[in-house]
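Work through the exercises below with the model open. Try each task before reading its solution.

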Amino acid sequence: MSESETPEATAPDGATPDASTTERAASEGAASESATSSATTPDAATEDATPEAATDSETSEAAAPESAAPAAPTPRPTPRPTPRPGTPSPAALAGRRPSAPLIPVAPPVQEYDEAAIQEALAFGTLEEDGTVSVQDGTQKRSLGPAASAEREEALTPFARAYLDLVAFLDVTQQRLATPQLTQADLNRLLENLRKNMKEPQVIGDIPALRARASELRESAKEKIHALEEERLQARDAATAERTAFVESIEQLVETEPERMSWKSAGETMRGMVGTWKSMQKEGPSLERSTEDALWKRLSAARSAFDRKRRQFFSHLDEQHAEAEKIREDIIRRAEEMKDSTDWGPTVRAYRSLMDEWRAAPRGNRKKDDAQWARFKAAQDTFFAARNEDLAASDAEQKENLKVKEALLAEAEAVDPAEDLDGARAALHRIQDRWDEAGKVPRGDMRRIEDRLRTFERSLKQAEDAEWRRTDPRTRARVEGASSQLQEAISSYEDDLEKARATGDPAKIAKAEEALRARREWLEVIERSARDLG
């Protein structure tokens with residue numbers, strides 16, 4: 001509403017500013033605050049009445065004179081005032097600061113101290129032409145025709161209207177001190193100040209009144225600026241919070257399908273709209289463009305998630321069908337072999353099928369479990385039959401072990417070095433009956449085989465010794481070496497005699513050492529000759 005459309009807080013043309021009028025002016029702030037429009041938000045209030053708009057209104061106060069002055073007030077009897085302390089002047093009130101908690105609305109003031117009225121009357125004049133004028137700063141302003149020819153009686157209603165405005169500013173100052181005022185409250189308070197302080201039709205210290213009203217305006221504007229800053233900060237924080245929420249949803253949607261926890265992600269996406277609405281309801285409102293852009297991103301993320309989920313599970317169904325087909329082929333081959341008695345090759349075949357099963361793609365959990373039960377049943381059938389056969393053969397192998405241990409004991413009783421022919425005959429008996437004895441338990445196989453190998457090596461060593469002893473070439477070599485050493489010993493004995501004849505100890509020792517070595521060699525050769533027979 002512009003200044004030209006705003007009703008003034010002054011008496012209408014031709015009416016006297018009586019007690020009801022002054023009462024209405026004093027309680028203007030409280031009445032206007034209770035009439036809040038349902039379509040007005042804090043943001044709209046800020047846009048409709050900003051501190052700058054209030055400043056423009058102040059500028060227009062001095063430039064927009066009243067189009068019509070009020071008529072001369074009708075005289076009324078002045079009641080005797082109740083004695084009370086003197087009321088401070090408007091100039092003194094301008095510098096006052098509230099020191100106590102404010103009450104919501106000051107009660108309407110109908111009676112004022114006579115001294116205060118007289119102080120206000122000093123600023124008014126009853127002109128010779130019967131009009132009332134007031135000294136408004138450096139200019140004298142006409143208020144309209146007087147209602148009485150007596151100065152005090154004609155000016156007193158205007159002085160009371162002045163004190164009504166002083167009371168209005170007191171109430172406004174108390175209201176400003178109230179904590180938790182909203183921006184709409186402050187805008188309404190500024191509007192009330194503008195309406196009531198625009199060319200007030202009162203008599204009193206109007207400049208002081210305006211100065212105090214200006215201070216109250218500035219205080220209200222500071223509070224509005226502070227609230228606006230808080231609102232903007234809260235909006236920025238809410239924007240950051242909702243942007244982070246949208247980004248978290250977008251990051252969730254960008255997760256690789258194979259790494260996605262679809263159950264948890266689905267719950268998050270189902271609660272997404274509720275979370276967004278809760279943010280809108282509990283937090284401050286964002287700028288329309290920002291909120292629309294974030295919602296579009298959120299909606300696009302939800303659509304992308306739904307599309308990716310459909311694609312993933314469609315592909316998963318294809319994989320499950322392929323996995324089921326592969327496992328059915330493995331089960332078929334396993335069931336074909338379950339009655340086989342060819343234990344070794346079949347065991348290897350089942351191991352190969354197990355490797356294929358592990359390498360097959362994963363399928364539906366329930367179908368996988370059912371197929372595994374069929375595959376395992378085929379394996380269990382085969383291995384149960386195999387284990388029964390192994391249990392039966394184990395008893396037979398233990399009997400075979402006893403037979404082979406008896407054969408080894410019979411052979412080991414013969415010493416090949418003492419009875420070579422007897423040892424050979426014993427080995428032949430073992431070899432003829434060893435394979436006929438059959439398999440032995442796996443744990444005893446190495447031990448039995450090692451005992452047999454040991455007997456065979458001892459027999460081989462005895463045969464080698466006998467061959468060396470009876471070989472004619474060996475005997476001839478031994479006899480030739482013996483003859484040569486005997487001739488050498490005879491020569492070394494002569495060398496020793498010659499050394500002793502010289503008396504040289506070194507030569508004697510050398511000759512003795514050479515002779516002793518040849519005699520030792522001869523002894524070894526003669527012993528070999530005796531061994532050869």
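**Exercise 1.** In the hairpin of strand 1 and strand 2, which residue takes a positive phi?

Some ground rules come before the solution. This is a predicted model, in which local features need pLDDT of at least 70, side-chain atom pairs count only at pLDDT 80 or more, and totals for chains, interfaces and linings use all residues. Residues are numbered from 1 along each chain as its sequence is written, and side-chain values use heavy atoms, with hydrogens and water left out.

*Solution.* Take the strands as DSSP E runs of at least two residues, and helices as H or I runs of at least four, numbered from the N terminus. Strands pair if DSSP finds at least two bridges between them. Strand 1 (residues 124-126) and strand 2 run antiparallel, joined by 3 bridges. Thr125 has Ser133 as its bridge partner in strand 2. The hairpin has 4 residues between the strands, and Gly130 takes the positive phi, near 85°.

**Exercise 2.** Follow strand 2 onward to strand 3 and describe the turn.

*Solution.* Count the bridges: 6 join strand 2 to strand 3 (residues 139-145), again in an antiparallel run. Thr131 is partnered by Pro145 in strand 3. Next, the turn: 2 residues separate the strands, and Gly137 has a positive phi of about 70°. Finally, check burial (under 20% relative accessible area; exposed is over 50%, partly exposed in between; 1.4 Å probe, protein chains only).

**Exercise 3.** Why is the pair of Phe312 and Phe313 classed as it is?

*Solution.* Rings of Phe, Tyr and Trp (its six-membered ring) pair if their centres lie within 6.5 Å; planes under 30 degrees apart are stacked, over 60 edge-to-face, the rest tilted. The whole structure holds 12 aromatic pairs. For Phe312 and Phe313, the centres are 5.2 Å apart and the planes lie at 80°, so the pair is edge-to-face. Phe312 is buried at 16% relative accessible area, whereas Phe313 is partly exposed at 33%.
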